Amino acid sequence: MKKTALLGAFVALAVSSSAFAKEWKEIRIGLEAAYEPFTYKTADGKLTGFDVDIANALCEQMKAKCSFVEQDWKGIIPALRANKFDAIISSMSITEERKKAVDFSAKYYHTPQRLVGKTGAGDGSPASLKGKRVGILKASTQEKYAQKYYAPAGATLVPYDAQQQVYLDLAAGRIDYTVADAVEVGEGFLKKPEGKAFAYIGAELKDDQLFGLGAGVAVRKSDTDLRDQFTAAIKAIRANGVYKKINDKYFKFDVYGN
(Lines give C-alpha, C1' and ligand atoms only; values in the text may rest on other atoms or scores of the structure.)
Protein backbone atom coordinates (compact mmCIF):
# COMPACT_ATOMS: atom_id res chain seq x y z
CA MET A 1 0.00 0.00 0.00
CA LYS A 2 2.76 2.38 0.99
CA LYS A 3 4.80 1.38 -2.10
CA THR A 4 1.81 2.08 -4.33
CA ALA A 5 1.23 5.45 -2.72
CA LEU A 6 4.93 6.31 -3.03
CA LEU A 7 4.96 5.31 -6.69
CA GLY A 8 1.90 7.46 -7.27
CA ALA A 9 3.64 10.41 -5.64
CA PHE A 10 6.67 9.99 -7.91
CA VAL A 11 4.46 9.81 -11.00
CA ALA A 12 2.60 12.93 -9.93
CA LEU A 13 5.88 14.73 -9.34
CA ALA A 14 7.19 13.70 -12.78
CA VAL A 15 4.00 14.88 -14.48
CA SER A 16 4.12 18.13 -12.53
CA SER A 17 7.80 18.72 -13.45
CA SER A 18 7.10 17.97 -17.10
CA ALA A 19 4.18 20.36 -17.08
CA PHE A 20 6.41 23.15 -15.85
CA ALA A 21 9.40 22.38 -18.13
CA LYS A 22 10.28 25.42 -20.20
CA GLU A 23 9.26 25.44 -23.84
CA TRP A 24 12.02 27.05 -25.87
CA LYS A 25 9.91 28.75 -28.51
CA GLU A 26 12.13 31.84 -28.52
CA ILE A 27 15.89 31.67 -28.00
CA ARG A 28 18.13 34.68 -27.57
CA ILE A 29 21.57 34.05 -29.03
CA GLY A 30 24.58 35.98 -27.72
CA LEU A 31 27.49 36.64 -30.09
CA GLU A 32 30.36 38.97 -30.87
CA ALA A 33 30.18 40.28 -34.45
CA ALA A 34 33.92 40.67 -35.04
CA TYR A 35 35.10 37.23 -36.15
CA GLU A 36 34.93 36.86 -39.93
CA PRO A 37 33.87 34.52 -41.53
CA PHE A 38 32.12 33.08 -38.48
CA THR A 39 30.30 36.15 -37.13
CA TYR A 40 30.56 39.64 -38.62
CA LYS A 41 28.54 42.42 -40.21
CA THR A 42 27.96 43.29 -43.84
CA ALA A 43 28.59 46.83 -45.12
CA ASP A 44 24.96 47.71 -44.35
CA GLY A 45 25.24 46.45 -40.75
CA LYS A 46 23.52 43.08 -41.14
CA LEU A 47 24.73 40.20 -38.98
CA THR A 48 26.10 37.35 -41.07
CA GLY A 49 28.59 34.51 -41.04
CA PHE A 50 28.84 30.78 -40.42
CA ASP A 51 27.83 31.02 -36.75
CA VAL A 52 24.80 33.14 -37.60
CA ASP A 53 23.62 30.72 -40.30
CA ILE A 54 24.22 27.72 -38.03
CA ALA A 55 22.28 29.40 -35.21
CA ASN A 56 19.33 30.06 -37.51
CA ALA A 57 19.45 26.47 -38.82
CA LEU A 58 19.53 25.05 -35.29
CA CYS A 59 16.61 27.19 -34.18
CA GLU A 60 14.63 26.15 -37.26
CA GLN A 61 15.37 22.50 -36.50
CA MET A 62 14.21 23.07 -32.92
CA LYS A 63 11.12 24.93 -34.16
CA ALA A 64 12.12 28.00 -32.17
CA LYS A 65 12.46 31.67 -33.09
CA CYS A 66 16.01 33.04 -32.94
CA SER A 67 17.04 36.57 -32.01
CA PHE A 68 20.59 37.87 -31.69
CA VAL A 69 22.17 39.94 -28.94
CA GLU A 70 25.61 41.45 -29.55
CA GLN A 71 28.09 41.29 -26.70
CA ASP A 72 31.81 41.96 -26.34
CA TRP A 73 33.80 38.75 -25.98
CA LYS A 74 35.28 39.40 -22.54
CA GLY A 75 31.82 39.78 -21.00
CA ILE A 76 29.97 37.16 -22.99
CA ILE A 77 29.89 34.38 -20.37
CA PRO A 78 28.94 36.75 -17.51
CA ALA A 79 26.16 38.15 -19.74
CA LEU A 80 24.82 34.64 -20.42
CA ARG A 81 24.81 33.85 -16.73
CA ALA A 82 23.07 37.18 -16.04
CA ASN A 83 20.22 36.09 -18.37
CA LYS A 84 20.89 38.72 -21.05
CA PHE A 85 20.52 35.89 -23.58
CA ASP A 86 19.94 32.13 -23.52
CA ALA A 87 22.85 30.67 -25.49
CA ILE A 88 26.19 31.63 -26.98
CA ILE A 89 26.79 30.66 -30.61
CA SER A 90 29.96 32.58 -31.33
CA SER A 91 32.83 30.15 -32.02
CA MET A 92 33.29 29.42 -28.33
CA SER A 93 35.75 26.58 -27.74
CA ILE A 94 34.64 23.86 -25.34
CA THR A 95 37.24 23.87 -22.56
CA GLU A 96 37.36 22.41 -19.05
CA GLU A 97 37.80 25.88 -17.58
CA ARG A 98 34.67 27.21 -19.29
CA LYS A 99 32.71 24.12 -18.25
CA LYS A 100 33.04 25.34 -14.68
CA ALA A 101 30.82 28.31 -15.58
CA VAL A 102 28.56 27.06 -18.41
CA ASP A 103 27.36 23.88 -20.13
CA PHE A 104 28.07 23.05 -23.76
CA SER A 105 26.31 21.20 -26.53
CA ALA A 106 28.26 18.82 -28.71
CA LYS A 107 30.72 20.61 -31.01
CA TYR A 108 29.50 22.15 -34.25
CA TYR A 109 32.96 22.79 -35.70
CA HIS A 110 36.64 22.29 -34.92
CA THR A 111 39.51 24.20 -36.53
CA PRO A 112 43.26 24.51 -35.76
CA GLN A 113 45.05 27.44 -34.14
CA ARG A 114 48.08 29.24 -35.62
CA LEU A 115 50.66 31.90 -34.94
CA VAL A 116 50.64 34.67 -37.55
CA GLY A 117 53.30 37.27 -38.31
CA LYS A 118 55.27 38.82 -41.17
CA THR A 119 56.19 36.27 -43.82
CA GLY A 120 59.46 34.61 -42.83
CA ALA A 121 59.40 36.05 -39.30
CA GLY A 122 61.09 33.23 -37.42
CA ASP A 123 60.21 29.58 -36.83
CA GLY A 124 57.31 30.18 -34.46
CA SER A 125 59.01 28.64 -31.44
CA PRO A 126 58.47 30.36 -28.08
CA ALA A 127 62.18 31.25 -27.98
CA SER A 128 61.91 33.06 -31.32
CA LEU A 129 59.31 35.42 -29.84
CA LYS A 130 61.58 36.79 -27.11
CA GLY A 131 61.28 40.57 -27.07
CA LYS A 132 58.36 40.51 -29.56
CA ARG A 133 54.83 41.84 -29.08
CA VAL A 134 52.02 39.33 -29.47
CA GLY A 135 48.45 40.63 -29.84
CA ILE A 136 45.75 38.42 -28.36
CA LEU A 137 41.99 38.59 -27.80
CA LYS A 138 41.05 39.07 -24.16
CA ALA A 139 39.47 36.06 -22.40
CA SER A 140 40.21 33.79 -25.38
CA THR A 141 41.84 30.37 -25.55
CA GLN A 142 44.55 32.02 -27.64
CA GLU A 143 45.31 34.36 -24.74
CA LYS A 144 45.66 31.36 -22.42
CA TYR A 145 48.05 29.71 -24.89
CA ALA A 146 50.21 32.83 -25.20
CA GLN A 147 50.32 33.22 -21.42
CA LYS A 148 51.47 29.61 -21.03
CA TYR A 149 54.05 29.41 -23.83
CA TYR A 150 55.08 32.85 -25.10
CA ALA A 151 55.14 35.12 -22.05
CA PRO A 152 57.54 32.86 -20.09
CA ALA A 153 59.88 32.90 -23.12
CA GLY A 154 60.08 36.69 -23.05
CA ALA A 155 57.29 37.82 -25.37
CA THR A 156 55.14 40.81 -24.42
CA LEU A 157 51.42 40.06 -24.63
CA VAL A 158 49.14 42.87 -25.81
CA PRO A 159 45.44 42.20 -25.05
CA TYR A 160 42.59 43.48 -27.24
CA ASP A 161 38.83 43.63 -26.90
CA ALA A 162 38.22 42.44 -30.48
CA GLN A 163 40.19 40.37 -32.97
CA GLN A 164 39.74 42.98 -35.70
CA GLN A 165 41.64 45.46 -33.51
CA VAL A 166 44.49 42.96 -33.38
CA TYR A 167 44.68 42.85 -37.18
CA LEU A 168 44.68 46.63 -37.48
CA ASP A 169 47.69 46.90 -35.16
CA LEU A 170 49.44 43.93 -36.77
CA ALA A 171 49.16 45.54 -40.21
CA ALA A 172 50.35 48.88 -38.78
CA GLY A 173 53.41 47.27 -37.20
CA ARG A 174 52.42 48.05 -33.61
CA ILE A 175 52.59 44.33 -32.75
CA ASP A 176 54.64 41.54 -34.30
CA TYR A 177 52.41 38.45 -34.06
CA THR A 178 48.99 37.19 -33.13
CA VAL A 179 47.58 33.80 -32.14
CA ALA A 180 44.30 33.07 -33.90
CA ASP A 181 41.96 30.46 -35.32
CA ALA A 182 43.56 29.38 -38.61
CA VAL A 183 40.35 29.69 -40.62
CA GLU A 184 39.27 33.00 -39.10
CA VAL A 185 42.66 34.69 -39.55
CA GLY A 186 42.98 33.22 -43.03
CA GLU A 187 39.64 34.62 -44.21
CA GLY A 188 39.49 37.70 -42.01
CA PHE A 189 43.05 38.93 -42.47
CA LEU A 190 45.55 36.97 -44.60
CA LYS A 191 43.38 36.99 -47.74
CA LYS A 192 42.76 40.73 -47.50
CA PRO A 193 45.04 43.43 -48.94
CA GLU A 194 46.30 44.47 -45.50
CA GLY A 195 47.31 40.89 -44.74
CA LYS A 196 49.29 40.12 -47.88
CA ALA A 197 52.67 40.57 -46.18
CA PHE A 198 51.74 38.13 -43.40
CA ALA A 199 51.58 34.35 -43.10
CA TYR A 200 51.19 31.42 -40.72
CA ILE A 201 54.42 31.07 -38.75
CA GLY A 202 55.60 27.63 -37.66
CA ALA A 203 53.40 24.58 -37.22
CA GLU A 204 49.81 24.24 -36.03
CA LEU A 205 49.55 25.01 -32.31
CA LYS A 206 48.65 22.08 -30.08
CA ASP A 207 47.19 22.06 -26.57
CA ASP A 208 43.85 20.27 -26.22
CA GLN A 209 43.48 21.36 -22.61
CA LEU A 210 43.61 25.05 -23.57
CA PHE A 211 42.05 25.01 -27.04
CA GLY A 212 39.47 22.33 -26.33
CA LEU A 213 38.08 19.94 -28.91
CA GLY A 214 35.83 22.21 -30.93
CA ALA A 215 33.32 25.04 -30.69
CA GLY A 216 29.97 24.36 -29.05
CA VAL A 217 26.79 26.14 -28.02
CA ALA A 218 27.14 27.44 -24.46
CA VAL A 219 24.13 27.61 -22.15
CA ARG A 220 23.54 28.20 -18.46
CA LYS A 221 24.13 25.14 -16.28
CA SER A 222 20.47 25.19 -15.26
CA ASP A 223 19.33 24.82 -18.89
CA THR A 224 20.31 21.21 -19.53
CA ASP A 225 17.18 20.69 -21.64
CA LEU A 226 18.25 23.50 -23.99
CA ARG A 227 21.78 22.09 -24.15
CA ASP A 228 20.43 18.68 -25.16
CA GLN A 229 18.09 20.19 -27.76
CA PHE A 230 21.01 21.99 -29.38
CA THR A 231 23.07 18.78 -29.44
CA ALA A 232 20.19 16.91 -31.07
CA ALA A 233 19.72 19.73 -33.59
CA ILE A 234 23.43 19.73 -34.50
CA LYS A 235 23.26 16.00 -35.20
CA ALA A 236 20.09 16.49 -37.24
CA ILE A 237 21.45 19.22 -39.53
CA ARG A 238 24.65 17.21 -40.02
CA ALA A 239 22.50 14.28 -41.15
CA ASN A 240 19.96 16.10 -43.34
CA GLY A 241 22.41 18.13 -45.44
CA VAL A 242 21.64 21.56 -43.98
CA TYR A 243 25.04 21.76 -42.29
CA LYS A 244 26.88 20.92 -45.52
CA LYS A 245 24.98 23.61 -47.41
CA ILE A 246 26.01 26.24 -44.85
CA ASN A 247 29.55 24.87 -44.69
CA ASP A 248 30.00 25.06 -48.46
CA LYS A 249 28.80 28.67 -48.48
CA TYR A 250 31.89 29.68 -46.46
CA PHE A 251 34.50 26.92 -46.79
CA LYS A 252 36.00 24.52 -49.32
CA PHE A 253 36.48 21.83 -46.65
CA ASP A 254 34.43 20.32 -43.83
CA VAL A 255 34.89 22.76 -40.95
CA TYR A 256 33.31 20.23 -38.58
CA GLY A 257 36.78 18.66 -38.27
CA ASN A 258 37.81 15.50 -36.45
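Modeller: Helices (H or I, at least four residues) and strands (E, at least two) are DSSP runs, numbered from the N terminus. The model is predicted, so local features need pLDDT of at least 70 and side-chain atom pairs count only at pLDDT 80 or more, whereas totals for chains, interfaces and linings use all residues. Residues are numbered from 1 along each chain as its sequence is written, and side-chain values use heavy atoms, with hydrogens and water left out.

T39 is buried, its relative accessible area being 0%; buried means under 20%, exposed over 50% and partly exposed in between, with a 1.4 Å probe and protein chains only. Leaving aside residues up to four places away in sequence, T39 touches L31, E32, A33, A34, T48, G49, D51, V52 and S90, where contact means heavy atoms within 4.5 Å.

F38 is likewise buried, with a relative accessible area of 0%. With residues up to four places away again not counted, the contacts of F38 include T48, G49, F50, D51 and V52, and also Y109, D181, F251 and V255. The C-alpha atoms of F38 and D51 are 5.1 Å apart, although 13 residues separate the two along the chain.

Helix α2 (residues 50-61) and helix α10 (residues 242-250) have axes that come within 10 Å and cross at roughly 165°. Axes are lines fitted to C-alpha atoms, for helices over the stretch in contact, and angles run from 0 to 180 degrees between N-to-C directions. The two helices are therefore roughly antiparallel, the word used for angles over 145 degrees. On the α2 side the contact is formed by F50, D53, I54 and A57, and on the α10 side by V242, Y243, I246, N247, K249 and Y250. By class, this contact has seven nonpolar, one polar and two charged residues; Ala, Val, Leu, Ile, Met, Phe, Trp, Tyr, Cys and Pro count as nonpolar, Asp, Glu, Lys and Arg as charged, and the others, Gly among them, as polar.

For the chain overall, there are 10 helices and 12 strands, and buried residues make up 48% of the 258 residues. Of the contacts with a separation of 6 or more, 71% join residues 24 or more positions apart.

Key:
Angles under 35 degrees count as roughly parallel, over 145 as roughly antiparallel, 65 to 115 as roughly perpendicular and the rest as oblique.
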